[in-house]
Amino acid sequence: MNPKPATPIRCSWATNDLSIRYHDEEWGLPTHDDVKLFEFLILEGAQAGLSWDTILKKRGNYRTAFDHFDPKKIARYDRRKVQSLMNNAGIIRNRLKIASAIRNAKAFLKVQDEFGSFDAYIWQFTGGSPLVNSRRSVSEVPARTPESDAMSKDLKKRGFSFVGTTICYAFMQATGMVNDHLMGCFRYDQLVPAKRKRG
């Protein structure tokens with residue numbers, strides 16, 4: 001009889017099939033695709049005041065409702081489109097968050113024009129490579145850092161909304177700008193090719 005394979009040790013927040021798959025395949029993986037970065041920016045803003053599990057469950061609906069996070073299309077949304085989104089039970093029906101997605105799409109396009117890509121702009125806040133932390137428990141993970149403070153301040157200056165420092169830090173964690181997998185998590189070492197650690 002073959003022994004049952006050992007369950008890998010994960011960060012404690014990955015507790016159901018959806019969050020486990022997200023944790024194992026996406027969270028903390030360095031992301032440089034502009035559309036993907038825009039998706040996370042919108043979803044992290046939509047998550048404000050809610051659980052990330054809620055967003056994960058609605059993520060497919062968001063992709064359909066928001067034209068697969070194409071910023072050029074979203075920047076052109078009009079009042080009729082906003083109303084159709086407000087009637088869409090598959091997403092978070094919050095008028096401010098929907099308006100923010102449109103505003104952020106416009107600001108996103110301006111950043112792309114200025115820097116060549118949003119990727120080139122956003123990764124400058126970590127010097128172009130992931131900041132690798134050495135956390136042993138969830139209690140050690142901060143809600144904000146000097147980097148997320150700087151990102152939030154600059155994004156707001158450029159016309160973005162729903163980009164407070166806590167949202168920015170969650171965005172940094174999701175897109176791999178920081179590695180906040182706990183050291184005991186199997187993903188930690190997988191995402192530290194250069195072992196560039198900090199305290």
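This is a predicted model: local features need pLDDT of at least 70, side-chain atom pairs count only at pLDDT 80 or more; totals for chains, interfaces and linings use all residues.
Biologist: How many helices and strands does the protein chain have?

Modeller: Helices (H or I, at least four residues) and strands (E, at least two) are DSSP runs, numbered from the N terminus. Starting at that end, the order is α-α-α-α-α-α-α-β-α-α-β-α. The tally for the protein chain is 10 helices and 2 strands.

Biologist: What is the radius of gyration of the protein chain?

Modeller: It's taken over C-alpha atoms, and the globule rule to hold it against is 2.2 Å times the number of residues to the power 0.38. For 199 residues that rule gives 16 Å, and the chain comes close to this, so it is as compact as a globular protein of that length, with a radius of gyration of 18 Å.

Biologist: What share of the 199 residues is buried?

Modeller: Buried means under 20% relative accessible area, exposed means over 50%, and partly exposed is in between (1.4 Å probe, protein chains only). With that cut-off, the buried share of the protein chain is 47%.

Biologist: Which helix gives the most to the lining of the largest pocket?

Modeller: Picture a 1 Å grid over the protein atoms alone: a cavity is a set of points where a 1.4 Å probe fits but cannot get out, a pocket is an open set with protein on both sides within 12 Å along at least five of seven lines, and lining residues have an atom within 4 Å of a point. Helices H1 (17-25), H2 (34-47), H3 (52-65) and H9 (165-174) each supply at least two lining residues of the largest pocket. Among the residues closest to its centre are Ala-170 and Gln-173, which are both buried residues of H9. With 6 residues, the biggest giver is H9.

Biologist: How much space lies in the largest pocket?

Modeller: Grid points are joined across faces, edges and corners, and a volume is the space filled by probe spheres set on the points. For the largest pocket, that works out at about 500 Å³.

Biologist: How many nonpolar residues are in the lining of that pocket?

Modeller: Ala, Val, Leu, Ile, Met, Phe, Trp, Tyr, Cys and Pro count as nonpolar, Asp, Glu, Lys and Arg as charged, and the others, Gly among them, as polar. The lining has 21 residues, and Trp-13, Trp-27 and Trp-52 are among the closest to the centre. Besides 4 polar and 3 charged residues, the nonpolar count is 14.

Biologist: In the loop between H3 and H4, is Phe-69 buried or exposed?

Modeller: Phe-69 has a positive phi, near 60 degrees, though it isn't a glycine. Asp-67 is in that loop too, and its phi is also positive, about 50 degrees. At 28% relative accessibility Asp-67 counts as partly exposed. Phe-69, with a relative accessible area of 0%, is buried.

Biologist: Which residues is Arg-63 in contact with, leaving aside neighbours within four places in sequence?

Modeller: Arg-63 lies in helix H3 and is partly exposed, at 28% relative accessibility. Contact means heavy atoms within 4.5 Å. By that rule, its partners are Lys-36, Glu-39, His-68 and Phe-69.

How values were computed: Residues are numbered from 1 along each chain as its sequence is written. Side-chain values use heavy atoms; hydrogens and water are left out.
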